[in-house]
Amino acid sequence: MTSAADERSGKASVDGPPAARPPAFYRLENTVQPYDWGSTSAIQDLLGAEPDGRPAAELWMGAHPLAPSRVVPDGAGRPDEGPRPGAAAGTTLADLVRADPVGALGRRVLDQYGPRLPFLLKVLAAERALSLQVHPHPHRAREGFNRENREGVARDSPLRSFHDDQHKPEMVVAVSRFEGLSGFRRPARILELLDGLDGDLVARMRAALLARPTEAGVREAFTLALHARSEPDVAADLARTVASVRARAEAPTGAGAEATPGVPRRTSRRADATVLTLAEQHPGDPGAVVSLMLNRVTLAPGESMFVPSGHVHAYLSGCAVEVMASSDNVLRAGLTSKLVDVDALLECATCTPGPAARPRLVDDGSGLVTYRPPVAEFALRAGTVTGAVSLPDAGPRVVLCLDGAVTLEGSGEGPAETRLARGESVFVPHASGAVVARGDGRVVVAYVP
């Protein structure tokens with residue numbers, strides 16, 4: 001009698017010839033999300049598609065139920081083996097994982113997360129700002145998802161805030177120059193940037209921070225700004241504020257209105273420019289003013305940023321690879337045409353001032369850098385392959401080629417190889433064992449550390 005492990009490894013059966021081995025690699029056919037903030041060229045260029053003027057915002061590579069990748073068996077076995085067994089037409093990566101969770105994930109990952117791929121890899125291409133948002137902590141995600149299920153809100157409803165029961169920490173690694181906002185500035189710095197601006201809302205925000213220049217004051221000022229979107233005269237009030245920001249941005253350095261006593265004047269051209277850009281993209285939205293409260297971040301290609309659950313952030317422009325826990329839970333508070341759920345966001349948001357978070361980087365000289373955020377679900381290896389480079393050797397892996405071409409060689413059950421060109425991606429099951437990449441290309445590997 002042949003065990004399941006024997007079947008996967010192709011060991012002989014007493015009842016017949018050796019069982020055919022499963023593929024070492026599965027090519028992925030991925031969903032492109034056409035969100036309105038997306039670039040009209042970046043993802044199209046990556047995939048070799050002709051731009052048609054429509055936005056392509058995100059390329060999803062994973063098994064999330066809203067848009068699971070479809071899998072196509074790949075990899076060349078021995079010539080005498082004949083056709084390789086594998087997924088039927090239309091099979092998704094989620095189906096593949098459920099059909100053989102040990103072979104796909106490995107026992108360690110299966111025991112920790114169950115029969116599901118715990119990460120989701122994306123290419124994100126932003127031509128305009130994404131929403132001002134927060135991702136919930138695990139207990140908040142479960143509570144919100146179960147509550148909306150009880151209320152009968154459909155999983156794909158635009159009125160739904162919680163699309164699954166998972167938290168969504170995430171990390172971005174810039175492919176091009178990438179701009180964003182992440183985490184709150186120090187109260188004193190927020191006061192400097194708000195000082196001298198016209199408008200009732202910014203006056204109330206300044207008062208809250210002057211009274212309590214602490215995390216509590218930051219939360220109060222943030223709450224005032226988000227709730228202002230429902231005030232009847234908010235558009236006119238924000239127009240006054242934006243006009244004063246424009247005047248400050250255009251004034252000679254050092255000029256401007258009289259400073260508030262006790263608040264030193266130290267402005268930022270970049271912070272002011274961010275307000276003006278957001279106000280143009282989303283007229284009458286208080287999120288433009290909230291940007292002054294948040295750390296402004298610029299990432300050069302290869303630089304990275306980690307966004308923990310509860311961290312207030314917004315991506316502004318550029319192209320990046322993004323990896324996250326496999327979730328689509330996004331709580332929005334502005335700068336969007338989608339559902340805005342201010343109360344849910346404030347319930348989940350962390351308002352502790354501090355710099356934008358960064359993952360730990362390990363450069364072993366191989367050409368690939370390891371990006372290790374402080375979460376268990378995901379990590380990345382990314383960089384340029386020249387010659388032969390070892391990739392993570394266990395667990396589920398998704399490999400994307402960003403440029404050039406590489407050949408992957410597996411060494412586990414059913415040794416095989418496959419070639420990836422620009423824009424192509426594969427799923428590598430745990431059963432494929434150690435993998436070596438050869439060639440001359442830029443790759444990204446998502447895996448469970």
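Guide: A residue counts as buried under 20% relative accessible area and exposed over 50%, with partly exposed in between (1.4 Å probe, protein chains only). The model above is predicted, so local features need pLDDT of at least 70 and side-chain atom pairs pLDDT 80 or more, while totals for chains, interfaces and linings use all residues. Residues are numbered from 1 along each chain as its sequence is written, and side-chain values use heavy atoms, leaving out hydrogens and water.

Visitor: How much of the protein chain counts as buried?
Guide: Let's start with the parts: the chain has 13 helices and 19 strands, which are DSSP runs numbered from the N terminus (helices H or I, at least four residues; strands E, at least two). Out of the chain's 449 residues, the share that counts as buried is 54%.

Visitor: Which residues of α8 are buried?
Guide: α8 has twelve residues and reaches 17 Å from its first C-alpha to its last, close to the 16 Å expected (1.5 Å times one less than the number of residues). Its buried residues are L201, V202, M205, R206, A208 and L209.

Visitor: Seen down the axis of α8, what arc do its buried residues fall within?
Guide: In an α-helix there are 3.6 residues a turn, so residues three or four places apart point the same way. The arc is taken from the directions from the helix axis to the C-beta atoms. In α8 the buried residues line one face of the helix, because they fall within an arc of 160°.

Visitor: Which residues of α10 are exposed on the face turned away from its buried side?
Guide: α10 (residues 234-250) has V234, D237, L238, T241, V242, S244, V245 and R248 buried. They cover an arc of only 160° around the axis, which puts them on the same side of α10. The face turned away from that side carries the exposed residues A236 and E250.

Visitor: Which helices do the buried residues of α10 pack against?
Guide: α10 is a helix of 17 residues, and its end-to-end reach of 24 Å is close to the 24 Å expected. Its buried residues pack against α7 (187-194), α8 (200-211), α11 (269-281) and α12 (287-290).

Visitor: Which residue with a positive phi follows α6?
Guide: α6 (residues 138-150) has A141, G144, F145 and E148 buried. These cover an arc of only 100° around the axis, which puts them on the same side of α6. After the helix, with phi near 80°, comes G152.

Visitor: Is L335 buried or exposed?
Guide: L335 sits in the loop between β12 (331-334) and α13 (342-348). Phi of L335 is near 55°, a positive value in a residue other than glycine. With a relative accessible area of 2%, L335 is buried.

Visitor: Which residues are closest to the centre of the largest pocket?
Guide: On a 1 Å grid over the protein atoms alone, a pocket is an open set of points with protein on both sides within 12 Å along at least five of seven lines, a cavity is a set where a 1.4 Å probe fits but cannot get out, and lining residues have an atom within 4 Å of a point. The largest pocket holds about 600 Å³ of space, counted as the space filled by probe spheres on grid points joined across faces, edges and corners. Of its 34 lining residues, the closest to the centre are Y35, D328, V330, R332 and K338.

Visitor: Which strand gives the largest share of the lining of the largest pocket?
Guide: β3 (58-61), β5 (119-126) and β11 (313-325) each supply at least two lining residues. The largest share, three residues, comes from β11.

Visitor: Which residues lie nearest the centre of the second largest pocket?
Guide: The second largest pocket has a volume of about 240 Å³. Helix α3 (residues 93-99) gives the largest share of its lining, three residues. Of the 15 lining residues, those nearest the centre are A63, H64, P65, R116 and S326.

Visitor: Which residues line the largest cavity?
Guide: A search of the whole structure finds one cavity of 30 Å³ or more. About 30 Å³ of space lies in the largest cavity. Its lining is R160, S161, V330, L331, R332, L339 and D341.

Methods
Contact means heavy atoms within 4.5 Å.
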